[in-house]
Amino acid sequence: MLFSLLINFSNKGAYKEPIMIKGRIVGTGSTIPKRILTNKELENIVDTSDEWIMRRTGIKERRISSDGQREETSDLAASASLKALEMGGIPAETLDMIVVGTVTPDRQFPSAACFVQKALKASKAVAFDVSAGCSGFLYALSVAGNAISTGSCKNALVIGAERLSTITNWKDRSTCVLLGDGAGAVVLTPTTDHDGILSTHLGSDGSYWKLLYASSEETYEIPEILDIAEGKPFYIKMEGNRLFKKAVSCLADIAVSALEHHDLSGSDIKLMVPHQANLRIIQAVAEKLSIPMDKVYTNIHKYGNTSSASIPIALDEANREGLLKAGDYVLLVTFGAGLTWGASVVKWYS
Ligand code: COA
């Protein structure tokens, strides 16, 4: 059966409009680790305060995974995926593709996606990871959506999953207060209707890589109060202030391009689901797009910055709270290390 761009000819050979195939989100799911790490607890680890963290970032607490709880990146990813598959009514064995956006896979190789494939027994699916910093989920969504459009894939699972706690320098107060762990997933199926992922627009600029990167220059210690069995030889380095300004401009510019591509403006958007890096970044972008904050989904106060996982977790929570109805325009926007950024315009299905 042909799922790609279909060009119809009637019996008499007259040309008809091409039928566009798009990916449609039919299920969402998310899983977050059990362990809550509050700002108050962080006051015992670094020289910071609940008041500073809340005022400068909007974060109140975050989740920290532990090996003992079976909370490796692929465990969280597989758990989120099962919830998304169940919602979408899609059996795992019918999946053609599994793409995981992550910078913290269980191992350097094989990919987290291959572990997820094994856990789900999705034997037919091609499985691979995408590394695009915090933009990993939207990059993965773009790959899977395009695969559906070209017909190389029918059912796809797109995941954002991270254990940033394993690459956090717990002596660096300017980064360790920001980060958290978790996973979110969406299931895509093909549609020829007017809904689905209308388009995903991506950007990258490697010349700014030093604003945010993983380094192995020093070792770091994991605080005793955290049950993280094993650290990785890398930790995060960030130039937060410069990154903040780049984030606001890149996010706003790509969102405007994505909206204009469909003759839409901020007022057409029912819900913006942004990457949750900093509440002040989100507010600045919403203002530039003239989207009121009551149409912007935020959960950064509960989870902090979970990198690739933040958008699919937020989308799942918004979906399960009943905030999304058929025909609603949803705007997903992201920004991360690379630098990378992106925006997707989605017309909601169910
Ligand atoms: N607690 C208390 N003080 C802290 C602190 C903390 N956790 N972290 C930094 N500070 C201090 C700094 O040392 C600095 O002190 P100084 O003025 O005495 O030198 C002061 O607070 C201001 O630091 P600055 O980095 O200018 O703060 P900021 O307002 O830019 O906020 C971030 C810092 C990290 C919250 C903010 O820059 C940010 O969110 N950046 C972008 C994050 C991002 O986009 N991340 C990745 C994209 S995925």
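**Loops, helices and a ligand**

Student: Where does Leu-339 lie?
Tutor: Keep in mind that we're looking at a predicted model. Two strands matter here: β12 covers 329-336 and β13 covers 340-347. Leu-339 sits in the loop between β12 and β13.

Student: What is omega for the bond that joins Phe-109 and Pro-110?
Tutor: Here's another cis peptide bond, joining Phe-109 and Pro-110. To find Pro-110, go to the loop between β4 (97-101) and α4. Back at the bond itself, omega is about 0°.

Student: Where is the place of Lys-121?
Tutor: Lys-121 isn't a glycine, yet its phi is positive, about 55°. Its place is the loop between α4 and β5 (126-130).

Student: Is α3 parallel or oblique to α4?
Tutor: Helix α3 spans residues 73-88 and helix α4 spans residues 112-120, with their axes 9 Å apart. The two pack at an angle of about 55°. Because of that angle, α3 relative to α4 is oblique.

Student: Is the crossing of α3 past α4 left-handed or right-handed?
Tutor: Picture the two helices packing at about 55°. When α3 passes α4, the crossing is right-handed.

Student: Which helix gives the most to the shell around the ligand?
Tutor: Four helices each supply at least two residues of that shell: α2 (50-57), α6 (173-176), α7 (240-261) and α8 (279-288). With 4 residues, the top contributor is α7.

Student: How many residues of the shell around the ligand are charged?
Tutor: There are 22 residues around the ligand, and those coming nearest include Thr-48, Arg-56 and Cys-134. Sort the shell by type and you get 10 nonpolar and 8 polar residues. The charged ones number 4.

Student: Which residue has a side chain with an N or O atom 2.6 Å from an oxygen atom of the ligand?
Tutor: Let's go through some contacts. Gly-240 uses a backbone N or O atom, 3.0 Å from a ligand nitrogen, so rule it out for a side-chain question. The side chain of Arg-173 places an N or O atom 2.9 Å from a ligand oxygen. At 2.6 Å, the residue is Asn-278.

Student: What percentage of the ligand's accessible area does the protein cover?
Tutor: Start with the ligand on its own, which has 950 Å² of accessible area. Of that area, the protein covers 72%.

Notes. Residues numbered from 1 in each chain as written. Predicted model: local features only at pLDDT ≥ 70, side-chain atom pairs only at ≥ 80, totals over all residues. Heavy atoms only, no water. Near = heavy atom within 4 Å. Polar contact = N/O pair within 3.5 Å; in protein donor to acceptor, adjacent residues only side chain to side chain. Areas by Shrake-Rupley, 256 points an atom, 1.4 Å probe, with all protein chains shown as cover. Nonpolar A, V, L, I, M, F, W, Y, C, P; charged D, E, K, R; others polar. Axes fitted to C-alpha atoms, helices over the stretch in contact; angles between N-to-C directions. Parallel < 35°, antiparallel > 145°, perpendicular 65-115°, else oblique. Left-handed = near helix turned anticlockwise from the far one by under 90°.
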